Amino acid sequence: MRQELNYLKETPSQTAGPYVHIGLAPGAAGFDIYRQELGWDIAGPNAKGERIRVEGCVIDGMGSPIKDVLLEAWQANADGIYAHPEHEGEVEEGFHGWGRVITDFDTGEWGFDTVKPGPVTAPDGKVIAPHISLWIVARGINVGLQTRVYFEDEAETNATDTVLNLIEWEHRRQTLIARKSERDGKPVYRFDIKLQGQDETVFFDI
Amino acid sequence: MKPGPLYQRDRDWHPPALTPDYKTSVSRSPQYSMISLETGVGEITGPVFGHNDIDPVDKDLLSNYAKSGESPIGERIILHGRVLDENARPVPNTLVEIWQANAGGRYRHKKDTYIAPIDPNFGGCGRTLSDENGCYHFRTVKPGAYPWRNWINNWRPAHIHMSIFGTAFAQRLITQCYFEGDPLIDKCPILKSIPDPLAIEQLVARLDLNATIPLDTIAYKFDIVVRGRRSTMFENRPEGN
Ligand SMILES: [Fe+2]
């Protein structure tokens, strides 16, 4: 008998196309169908920590903002705990850590409200700097892109973060650092994603 | 043995980012190499959904937008299959979301201007959780082919867009399900962004007469595979040694 490995192959990816909203955000497509759309509230009402807004644009190789992008966010709570059974620790009632947002059809701007995640301690004891993982899909993107939002005002932990330090070109690390400002007394972090060009955002093959 | 990191994604099986025959990819494909990472705690975890998040009717596109007593026009189909991982283990309780054009090839979307009419009884989206064996099923109409601006005469084969979560954020996947026997499959620049013909075949749902409801609804089967995870039989050697 010939030995067989018997692994299956992952289903190949295909672009989300221009009408991704119908499936994942039907209200934005122009109709009301579900009792509730998923992913509009990342942190919930009870989450501890600092309330922040994260926003930006996704910019194509021509320098134009893309107006049919869908992004998903995944993050730990302020204590550095992910809302998942494989991560030990408690999160607040109503904290999901996951959200979904689309770009504006006219401006290409996206933005979401959440709490600032805390540093996460990896099983090997290393500290991972506070960050939000992003997954980006759109027409013309064949496989969803993965990147990370780090925070400008976490310079100290950013400096020792394993993932940031893995990026050989130090200037490219800057593409993952969201810039802080303030609006109506609330911290706003700007994170523009550039798909091409000299300052192309760092994407991860995870 | 406990589950460890995910298997490396086989990038040769997926379409590359830059596929010039699919024109939109030209300015939307990153050009630098991606940075490869081991999957850590933020990648092997991901959102968990429950039956409070969705409703049973969400998976029935024949009724989830239709007026009472009416139903959408088109070929009534069941789309069903299993969500598995690369180790061929079922993935239970995972969210599967779909969206599609109606039987005439028209999307219910404010940006779709194709001449084919909107069906007043068809929304075009559905969602469900896989059961304890990883099985999922939807009821819908078979979508129509539609033209799109790429070359001047491109037609998409009939397809249903699918979004799958798995249990880990790094398993997150969007794909499209096509239908056995469609002559447009061989001509589609989006499908042909996938280099391996066997990988393309993995996206073609098969007619499944055993799952049909006689005199009522025909069925297609489409299994979905998300990335598998390594078993940690031995501890990793500490870094730097
Ligand atoms: Fe489509």
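Biologist: How many helices and strands are there in chain B?

Modeller: Helices and strands are read as DSSP runs, numbered from the N terminus, where a helix (H or I) needs at least four residues and a strand (E) at least two. Under that reading, chain B has 2 helices and 14 strands. This is a predicted model, in which local features need pLDDT of at least 70 and side-chain atom pairs count only at pLDDT 80 or more, while totals for chains, interfaces and linings use all residues. Residues are numbered from 1 along each chain as its sequence is written, chains are lettered from A and ligands numbered from 1 in the order in which they are written, and side-chain values use heavy atoms, with hydrogens and water left out.

Biologist: What is the radius of gyration of chain B, and what would a compact globule have?

Modeller: The radius of gyration is taken over C-alpha atoms, and the globule rule to set beside it is 2.2 Å times the number of residues to the power 0.38. For the 241 residues of chain B, a compact globule would have a value near 18 Å, and the 20 Å of chain B agrees with this. Along the principal axes, the C-alpha atoms of chain B fill a box of roughly 65 × 40 × 30 Å.

Biologist: How many helices and strands does chain A have?

Modeller: In chain A there are 5 helices and 12 strands. Its radius of gyration is 18 Å, close to the 17 Å that the globule rule gives for 206 residues, so chain A is as compact as a globular protein of that length. The C-alpha trace of chain A spans about 60 × 40 × 40 Å along its principal axes.

Biologist: Among contacts in chain B between residues at least 6 apart in sequence, what share join residues at least 24 apart?

Modeller: A contact means heavy atoms within 4.5 Å. Of the contacts in chain B between residues at least 6 apart in sequence, 71% join residues at least 24 apart, and for chain A the corresponding share is 66%.

Biologist: How many salt bridges are there over all chains?

Modeller: A salt bridge is a side-chain nitrogen of Lys or Arg within 4 Å of a carboxyl oxygen of Asp or Glu, and the count over all chains comes to 32. One of them joins A:Glu72 to A:Arg100, with the closest N and O atoms 2.9 Å apart. A:Glu72 lies in strand E2 (residues 69–75) and A:Arg100 in strand E3 (residues 98–102) of chain A, so the pair ties together parts that are 28 residues apart in sequence. A:Glu72 is buried at a relative accessible area of 0%, and A:Arg100 also counts as buried, at 10%.

Biologist: Which parts of chain B does the pair of B:Asp60 and B:Arg139 link?

Modeller: B:Asp60 forms a salt bridge with B:Arg139, and the closest N and O atoms are 2.9 Å apart. The pair links distant parts of the chain, 79 residues apart, with B:Asp60 in the loop between helix H1 (41–44) and strand E3 (76–85), and B:Arg139 in strand E6 (residues 135–141). B:Asp60 counts as buried at 14% relative accessibility, while B:Arg139 is partly exposed at 28%. In chain A, salt bridges that share partners join A:Arg53, A:Glu55, A:Asp113, A:Arg183 and A:Lys186 into one network.

Biologist: Where is A:Asp184 found, and is it buried or exposed?

Modeller: Most residues other than glycine have a negative phi. The phi of A:Asp184, however, is positive, near 50°. A:Asp184 is found in the loop between strand E9 (177–183) and strand E10 (186–190) of chain A, and it counts as exposed at 79% relative accessibility. Another positive phi, near 60°, belongs to A:Asn6, which is placed in the segment before helix H1 (20–24) of chain A and is exposed, with a relative accessible area of 59%.

Conventions: Buried < 20%, exposed > 50% of the residue type's maximum accessible area, 1.4 Å probe, protein only.
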